[in-house]
Amino acid sequence: MLIKPVIATALSLLLPFSASITYAQASKHQPAIVDYTTRNHPVIGREGMVSSQNFIATEIGAEILKQGGNAIDSAVAVGLALAVTLPRAGNIGGGGFMLVYIADENRTIALDFRETAPLLADKDMFFEIDQNGKKVKASREDYHFSYRSSAVPGTVAGFDWLLKNYGTMSWKQVAAPAIKLAKDGFIVSDDLASILRTKHKTLAKHPSTRKIFIKPDGSGYQAGDTLVQKDLAWSLEQLAKGGADAFYQGAIAKRIAADMQKNNGLISLADLAKYRVAVRKPISGTYGDATINAMPAPSSGGTHVVQMLNILENFDLEKMGQNSAAAYHLITEAMKLAYADRSKYLGDPDFVDIPTDILTSKAYAKDLAKSISLTNATAASEIAPGNLAPYESDETTHYSVMDKDGNAVANTYTLMFSFGSGVVIEGTGIIMNNNLGNFTLSPDIPDAFGLMGSADNLIRPGRRPVSSMTPTIVTKNGKPFLLTGSPGGSKIISTVMQQILNVLAFDMNLADATDAPRIHHQWSPDALNLEPGISPDTIKILEAMGHNTKTSKTMGSLQSIMYKDGLFFGYSDTRRPGAKTIGLN
Ligand code: DON
């Protein structure tokens, strides 16, 4: 149980009136609630907090907490609501990873509800033979936008496990708000209208998808229209009545298997019945006095966030300054080293051995740190061919929830691309993922995000593809201090790592930490991606050091919560409109 923040709150309230303590001193030694030396300010709460990429889903999560539900109940309700209101990423037809802190047990759980390859999948399924008899990669339509592109969804099993083991509410209670939204509809925002327009072609391809996301006259939904999803309401009602069994064995399973069979898809009743979540031991690392608890394989996120922090701990970043060329240089070099290892060592731990202990060890990181020059960029030599996929937007989503008792859920889940495969299973309103695209087709072919992989990540029945999703809970003295996570494909790992650095190494508040421009280098290709907002002078210094810089669009969408001095501080990334953090008071 977290101690109620009465004393800390009372003290901080007095601070502005204290003649002897300045704000600057207060922020260093005895934090004021509002620190006027900073430009951006987190949301503050005392009784719990919800931070998600969609304001309607956040409001639902906060309402569940107000009704007496715990963080687990709230997180499931948010996840189901996002499947309705953020259909490009929120889902029940995808999968993901959750870090969960259970206060009563003082235990952090890494819940893997990643999709698995169907029983009929095989490593050559996305190759075909061309006219010259040569084995070539299948068309993009087949690889990413077909019934065949989907892996067996894990989201419902993940929510079910969580609710059954640690929830206080029933499926009926947590699904009720999402059912209402799907049945009655909700007002389309500019953000949703805009993404529906961008994805018009994909959404128009399959009749079962077209009838939901495109109007009968063929025109697109506009901001202010109401989007009703009756079939999705039916599916959510099945969950309310039957929980995960409805999805994996009952009425929903039957519709998925039938539609898959009709359209050359692979997912069968046997696949659905066989799906299981995996409860894994979190990756654990340290940075200063903080412990980083993050997702182990098959996500690469936790391993490489810890690896990069371990490398960077060998340098005095704080002295260099958060937005200095010197710090950006070192962070870039750490990224290159970590992403190079990612391409070789990561896979599904249920199928292959992964040297996690070495990758996350301080000794290995120290040696890697020694290899970094303080003045020159190291060329990412022997780079396998690869390109950051220029074609898809970043549409996974993350949300964080904490309740007044200290329970915490950090969930990142995905359909992979925006609206996944673009396939809606007839009669269910469920958008299917295209996460088979995260497998490695061959070690010399980059995945859908330009990432290289090894033979350990080839498609095999039942195998989970390597992921970059990085829900993270940083603890101090054993209690949650920071919950964070982000979408962004390959950039998720670097985005989350920079958030942790901004808070732990640069002592920034959550709002400033989130808003600070981000950088990304994934070793292959050898390009340092820079968000807008980094000074041209800094870029010149980086180029003089030998970095191959490239201005990129924004990276990620962090939804974070910090618990400090008896208060919840939260912040929704401004890079995505419509996100919201609510603090309960
Ligand atoms: O698991 C992964 O790494 C990807 N499927 C995540 C996809 C993603 O983040 C899409 N864009 N944000």
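How much space lies in the largest cavity? In this predicted model, the largest cavity holds about 110 Å³ of space.

Figure 1. A search of the whole structure returns 6 cavities of 30 Å³ or more. The largest cavity is lined by 17 residues, of which N438, F449, S467, S468 and G489 are the closest to its centre. Classified by residue type, the lining of the largest cavity comprises 6 nonpolar, 8 polar and 3 charged residues.

**Figure 2. The open sheet of 7 strands.** The strands follow the order β1-β22-β21-β17-β16-β11-β10, and their pairing is antiparallel. At the edges stand β1 (43-45) and β10 (283-287), each of which pairs on one side only. From one strand to the next, the twist averages 25°.

**Figure 3. Pairing of β10 with β11, and the packing of helix α15.** Strand β11 (residues 290-294) and β10 are joined in the antiparallel sense over 5 bridges. Within this pair, T286 is placed opposite T291 in β11. Helix α15 (residues 301-312) packs on the sheet, where it touches β10 and β11. The direction of α15 makes about 20° with that of β10.

**Figure 4. Helix α20 across the sheet strands.** Helix α20 spans residues 492-504 and lies across β10, β11, β16 (472-476), β17 (479-484) and β21 (559-564). Relative to β17, helix α20 runs at about 130°.

Figure 5. Is S560 buried or exposed? S560 counts as buried because its relative accessibility is 0%, where the cut-off for buried is under 20%. Residues up to four places away in sequence aside, S560 touches S51, S400, L482, L483, T484, Q499, L510, F569, G570 and Y571. The C-alpha atom of S560 is separated by 17 Å from that of L82, and these two residues are 478 residues apart along the chain.

**Figure 6. Helix α8 and its packing partners.** Helix α8 covers residues 190-198, and its buried residues are D191, L192, A193, I195 and L196. Which elements do the buried residues of α8 pack against? The partners are the helices α9 (200-205) and α10 (207-213), together with the strands β7 (186-187) and β8 (226-227).

Terms used. Residues are numbered from 1 along each chain as its sequence is written. This is a predicted model: local features need pLDDT of at least 70, side-chain atom pairs count only at pLDDT 80 or more; totals for chains, interfaces and linings use all residues. Side-chain values use heavy atoms; hydrogens and water are left out. Buried means under 20% relative accessible area, exposed over 50%, partly exposed in between (1.4 Å probe, protein chains only). Helices (H or I, at least four residues) and strands (E, at least two) are DSSP runs, numbered from the N terminus. Contact means heavy atoms within 4.5 Å. Two strands pair if DSSP finds at least two bridges between them. Axes are lines fitted to C-alpha atoms, for helices over the stretch in contact, and angles run from 0 to 180 degrees between N-to-C directions. On a 1 Å grid over the protein atoms alone, a cavity is a set of points where a 1.4 Å probe fits but cannot get out, and a pocket is an open set with protein on both sides within 12 Å along at least five of seven lines; lining residues have an atom within 4 Å of a point. Grid points are joined across faces, edges and corners, and a volume is the space filled by probe spheres set on the points. Ala, Val, Leu, Ile, Met, Phe, Trp, Tyr, Cys and Pro count as nonpolar, Asp, Glu, Lys and Arg as charged, and the others, Gly among them, as polar.
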